[in-house]
Amino acid sequence: MSPVVINLWYVGAAALFIFGLKQLGSPATAVRGNLLSSIAMLIAIVVTLLNREILNFQWIAGAAVIGAIVGAITAQRVAMTSMPEMVALFNGSGGIASLLVGWAALYNAGNTTFTDITILLSIIIGGMTFSGSILAWGKLSEVMNSAAVVFGAQRFVNGAIVIALIACAVLFCMEPSVDSPYLYAILGLALLIGVMAVLPIGGADMPVVISLLNSYSGLAACAAGFAINNNILIVAGSMVGAAGIILTNIMCRAMNRSLANVLFSGFGAAKQATKVEGEVKPINTEDAYLILEAAQSVSFVPGYGMAVAQAQHVVRELGELLEKNGAEVTYAIHPVAGRMPGHMNVLLAEANVPYDQLIEMEDINPRMDMVDVAVVIGANDVVNPAARNDENSPIYGMPIINVDHARTVFVLKRSMASGFSGVDNPLFFGENTRMLFGDAKQSIAAVVAEFKG
Amino acid sequence: MEGVFLAMVLMLSIFLGFELISKVPATLHTPLMSGANAISGITIVGALISAGGEGSAVSTWLGAAAVAFAMINVVGGYMVTNRMLSMFKKKDEGQSGGSA
């Protein structure tokens, strides 16, 4: 095929990507959207293979088969609760692919300085996406400590790395060569900066990192597109970059923090929240059952704890029993509940909760006064009223789900330890709050048993 | 001039991306992210050109490795997105599928 025909096919593929992304925007059409986008990918791959420049198919076939098998098996096997680390790993493999494409492009003859710069960009962004994603995977899968690591000279060290990176890039561009020592320095520094970028971010801030790495993997593909002068890479890559940035922004807004604050400061525990005094009122599953049985309207508020306890299926079971009992059942989802954007929605969907029962924070809050029982499952900071009332609280200003406005609040919790941010939660001492201590899954299963018995 | 043209393409697609994504409801944030992630595997096109080109042995190896990684990203990304999306059901669509 001539380059013109190939590029026309790429235009078609780009249009399909755009349609696909558009249809991903509604639950009713999303499956089709994903299919369209995968067809676009298939077209792009096949057309590239028909390109006359491609002479050698053994390497391609071998590598593609291995990659496809690995991808397919992991995609089939992964549990929905482990989705955040899965997405991190896929991001990482996209990142290193862009790094390698950029690196290979150095071997092309007749690169201009502009091309060299874009090659370096794809190496740098691809490298930091890769190492950052691997670290994020480690933190999410708890292979390593998931807390934020902050040390005094961090900013200084990061600044030094960035300066070294720019210096090496300039020196490389002055005398580009495939075995320039600066190339290896750039590779190393790019991997290092990815690690340094993710190190100070931990726990509940992970949704921001995942979205940001997603954005980087798109930008890396985009830079690789400039490096090899290919339109489809630029179009598809930059759309992914934009998508990641938007999600990052939504996550930051949901925590009332700037991106810079999330990226560089760990979690600001500098402020000391007003100490909360009071007595918690524990409740047993029998009494919880009696209250739920009488409730007209019940709202579940899940958090990361629900994922840890794998409680989504038994929660859905309880929800169905309550509905049969005549109550209106909703699930109130905070945008940053869990470890990635939309984490809770996926878990509840897996447990067969219909998506029209999943209510966003802005929609549930005005109705909260009408809710008889709000059941908080493994969520803490996202329902902490201190974010609304206590100006000294580190999470002051963060939008929360106002469960304390419900007539009764059940909090399912292992013990009285505070949440990820280490902030005391006045909700636990509230007049209308009852604490149901123990493993969330077992507690709810016990309530379900009461209903059935 | 080529670079300027590509920059134009870049600028337009970033705006388009922002327009397309900003309307996605929170329910779909995870599938959106993994779907977008699969699209970032488009770098496979570059990988194929490097792996199959008549360049040096090193660039062929680099390309082949890139093909493998990009393929993980593409196949895994689309499959996992499809798996997630097929779990999202409306109330009246029945309670079939998924595990109990």
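How many residues of domain 2 of chain A are in contact with domain 3 of chain A? I started my notes there, keeping in mind that this is a predicted model.

**Domains of chain A**

I looked up the contact count first: 14 residues of domain 2 of chain A touch twelve residues of domain 3 of chain A. On the domain 2 side, α8 (206–227) and α9 (231–254) of chain A each bring in at least two of the residues facing domain 3 of chain A. I then sorted that side of domain 2 by class and got eleven nonpolar residues, three polar ones and no charged ones.

**α9 of chain A**

I looked at burial next and found α9(A) mostly covered, with 21 of its 24 residues buried. Just past the end of α9(A), I found A:Asn256 with a positive phi of about 55°.

**Chain B on its own**

I moved to chain B and counted four helices and zero strands. Along the sequence, the pattern of chain B reads α-α-α-α.

The C-alpha trace of chain B spans about 60 × 30 × 15 Å along its principal axes. Its radius of gyration is 19 Å, whereas a compact globule of 100 residues would come out near 13 Å. Even so, 62% of the 100 residues of chain B count as buried. Among the chain B contacts with a separation of 6 or more, I noted that 58% are between residues 24 or more positions apart.

**Chain B against chain A**

My last entry is the interface: 81 residues of chain B are in contact with 98 residues of chain A. On the chain B side, α1 (2–21), α2 (29–39), α3 (44–52) and α4 (57–85) each supply at least two residues. I looked for the main contributor, and α4(B) has the largest share of that side, with 27 residues. By class, the side of chain B that touches chain A holds 44 nonpolar, 30 polar and seven charged residues.

Technical notes
Residues are numbered from 1 along each chain as its sequence is written. Chains are lettered from A and ligands numbered from 1 in the order in which they are written. This is a predicted model: local features need pLDDT of at least 70, side-chain atom pairs count only at pLDDT 80 or more; totals for chains, interfaces and linings use all residues. Two residues are in contact if their C-beta atoms, placed from the backbone, lie within 7 Å. Ala, Val, Leu, Ile, Met, Phe, Trp, Tyr, Cys and Pro count as nonpolar, Asp, Glu, Lys and Arg as charged, and the others, Gly among them, as polar. The radius of gyration is taken over C-alpha atoms; the globule rule is 2.2 Å times the number of residues to the power 0.38. A residue is buried if 20 or more other C-beta atoms lie within 10 Å of its own, exposed if 12 or fewer, and partly exposed in between; C-beta atoms are placed from the backbone.
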